[in-house]
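Good morning, and thank you for joining this group meeting. Please turn to the sequence and the structure, and I shall take you through them.

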Amino acid sequence: MTLRTETFILNAGPQHPSTHGVFRMRFTLDGEVIQDVEPVFGYLHRGIEKLAEGLTYSQDIVFTDRLDYLASMTNNQAYVLAVEKLAGIQVPERAEYLRVIMAELMRISSHLMAVGFLLNDIGAFLTPLLYMYREREKILDLYDMVCGQRLTYNYMRIGGVSQDIPEEFVPALKRFIDSLPRFIKEYEQLLETNEIVLIRTKNVGTLSKESAINYSAAGPVLRASGIKWDIRKADPYSVYSRFKFEIPTGIKGDVYDRYRVRIEEMHQSIAIIKQAMEQIPQGEIQTKVSRVLKPAKGEAYGRIEGPKGELGFYLVSDGGTNPYRLHVRPPSLINLTALRELLIGVKIADAMAIFGSIDICVGEVDR
Amino acid sequence: MSIFSNVIPTVIHAAPLAPDWPSGFWSHLIIFVVILFIFYIFMAMAFIYFERRVISRFQIRIGPNRIGPFGLFQPVADVIKILIKEDIIPGNVDKIIYILAPAVAVVPSILVFAVIPFQNGTALIDLNIGILYIVAISSVSTVGLVMAGWSSNNKYALISAMRIIAQVVSYEIPMALAILGVVLFSGTLSMNGIVQAQTVPYILLQPLGFVIYFLASMAEINRTPFDLLEAEGEIVAGFNIEYSGFKFALFFLTEYAEAIAVSAIITTLYLGGWKGPFLPPILWFLIKVFAVFALIIWVRATLPRLRIDQVMGFAWKCLLPLAILNLLITACQVVFWPALSQWIIAGVNIVLSAVLVVLWSRFFRLTGDKVEA
Amino acid sequence: MTLALQIAQLVAGLEKSVPGSVTESGGNIIVVKPESLFKVLSDLKTNKEWDFNYLSFMTAVDYQTYFEVVYDLISLEHNQEVLVKTRLTDREKPVLPSVISLWKGADFQEREIFDLFGINFTGHPNMKRIFLWDGFQGYPLRKDFKQS
């Protein structure tokens, strides 16, 4: 006699400790195994793309902070890159180096949070997260020194950056960068050989190479599946072509590989910051750009390698002061396309681990 | 402690307290019940405070330090807050079961304290089937948790209730088998008898049994790494998702009462209960209980949680065979070498345990995949 | 991308496989007719000479008289990029074939274009609004959308 079973629908609703923000997943469960998942978006939809058409190009920089609010600097960088491509503006060298330093610090901070929250979702009860936050606090203090803000920086401007770094920044940065590798190593030691972390992350949520490319995954998700693709090397922007760094890739594309790729990228970011600090020249920090910029008619797409993937801004100009169309290529949303395939057939506990390893920020998903 | 030295004799090798101290059956019962309740509440609050401070130090932060000196009145503030909360009963829950569930969960965890010896012979009642009583009673609180999960009419609670049944029932068996090893050595089921029989603490004589019992009882009381029954990240507090106010306080109290009970049982069975030099026995008992609880907190602060199929695999494929082997070895030692010095047996057992643990970790796969770093 | 796209060669190749599809080209942009869009995209994906296997993004722009849908294709192997555009003049019921069978990453992006512009993609398994709620009237990113 076969047992009659039923599937039921469970809402990992907008308010849930593990869905990194207001994001909803409707699971269809058979016991503990997920049969189907339907992600529901739009809880944080603010209509940024439409709002941006009502403001000038420089006023739109403020909106970009709020897209991926955990990595504001890189958002700024992508947008001003797109505008500079559109209007043909050259950026002075010192500004480029400052942008690189800020962006790489942002990458370290975002990866610290991603790794910390992944471990929190697996169940390690805040302890690794708070260790990560201790280091992130130092980064936020550095940012506070430069632009006075800790979350939404609004630091970059069209044609450069808004403020120069104060004198106490360089020694503070040096202290932080020198202490960070030892900390990351200590962190690795605590967790790499922990059997429970290994069995919760290995072979869980494997994304094959072909799937990763087909799903347009980007960033650490793509690289963990074994594809060496990093915008900083493939389509170098700013002064990245002057630095020596590597692109860490994974082998299988499971949760463990994504976690390792992020940790390795932190090491690479440290190397980039060290080289940037040596090479940074004196000079201006912003080219003279008219207050109200009126680029010529045309279009441009500026892309950068953000911490979560390829972040790009597609700008269309009609010759006026406001952009005619601003489109954000959201890495979080596009990485989530693979979610349904990854989650089917998996237990709830693993679902949270996989979801945490994709590392989204809902501000970017919904815009 | 002066109250205790005036009222209760604290001679080191204390003569057993008369079972009807101070003056007859009923006064013994009433006074001891009152003392136990005070102990229970006081220890629960002390444990809550202790855990919050210690976990905070693990997480490089300070922990509660505002209310009272060193934050000592934090648990009092929490209790007051919870007691004055509005008691919400959601609309479509199964009312009777919903209201009864916290009571069914909390009462067995208090009943366990009836047989735990605080000093030589000082227990509410020194049952001669003490440990059997404990194993029987502590399983009843599971029914309360499942009642809560079912009656809440909430899918998260239901998933949690199913997990509870699976996990708690599976870990009963290795737990009971580990206890049997201790009983074989001590020859008596009475808790006080077990403590008195420990010339060598049983943690040395039964290292494997200690580990098995420790892990199995952590799984019974839903502590990390087995706390998936109320995993906040996945099923958002599980069975007590619809509870607030005093009923939630009772569930919270259950968790800590079971932790105290498990620490007390481990102290009695494996660490030599109230035995120890120089200090009064009650103090030794408290020190050992706190030491075991500190170990439990340490594990909670460090390890992530397991998945339900890994938890089940661990119980049936790892702990159960090891517990049976432990029982077999202990039985052979008791039958064939009853006169051998216990220290030699302890040495043999430690070596055997190490060999068995290494052997199992080579061949044991939690989910079927070999894990390599 | 680091390698400049040989746009003339690309257009010539496309003329051979899908004749009459490309209406304009320049830089790394080609404009194709909506009817031949799907054939052009699948040819760009499967042709080993170009091997555009990665869809970076797709979006739409409202140019008052027509909608323009933009596809950004990248070849990871050859490190090249091409922007394929198509123009839809029907403003009442704009329709395009879905490219989800070529690149599954187009899933949410097509839903977003449907949600905000009203362009229907035939062949998409789940053509529903994605950000706005189901009963919402109108398509916000169109230029003639009245904000109430």
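What is the mean pLDDT of chain B, and what percentage of its residues reach 70 or more? The mean is 82, and 89% of the residues of chain B reach 70 or more. Here pLDDT denotes the predictor's confidence in each residue, on a scale from 0 to 100.

Residues are numbered from 1 along each chain as its sequence is written, while chains are lettered from A and ligands numbered from 1 in the order in which they are written. Helices (H or I, at least four residues) and strands (E, at least two) are DSSP runs, numbered from the N terminus.

Where pLDDT is low, the predicted coordinates should not be read in detail.

I turn now to the interfaces. Of the 2 pairs of chains in contact, chains A and B share the most contacts. In that pair, 33 residues of chain A are in contact with 30 residues of chain B. On the chain A side, helix 7 (195-201) is one of the elements that supply at least two residues, and helix 7 of chain A gives the largest share, 6 residues. By residue type, this side of chain A divides into 17 nonpolar, 7 polar and 9 charged. For this count, Ala, Val, Leu, Ile, Met, Phe, Trp, Tyr, Cys and Pro are nonpolar, Asp, Glu, Lys and Arg are charged, and the others, Gly among them, are polar.

As for chain C, 22 of its residues are in contact with 26 residues of chain A. The elements of chain C that give two or more residues to this side are strand 3 (54-62) and helix 3 (106-117). Chain B and chain C are joined by no contact, and their closest C-alpha atoms lie 25 Å apart.

Within chain A, 3 strands form an open antiparallel sheet in the order 1-2-3; strands pair if DSSP finds at least two bridges between them. Strand 1 and strand 3 (33-40) of chain A are at the edges, each with a single partner strand, so one side of each lacks a neighbour in the sheet. Strand 2 (residues 24-30) of chain A is joined to strand 3 of chain A by 7 bridges. Along this pairing, Leu29(A) stands opposite Ile34(A), and Phe27(A) has Val37(A) as its bridge partner. The two strands form a hairpin with 2 residues between them, and Gly31(A) in the turn has a positive phi of about 75°.

Finally, Glu137(A) is located in helix 5 of chain A. Its C-alpha is 8.9 Å from that of Ser109(A), although 28 residues separate them in sequence.

Technical notes:
Predicted model: local features only at pLDDT ≥ 70, side-chain atom pairs only at ≥ 80, totals over all residues. Contact = placed C-beta atoms within 7 Å.
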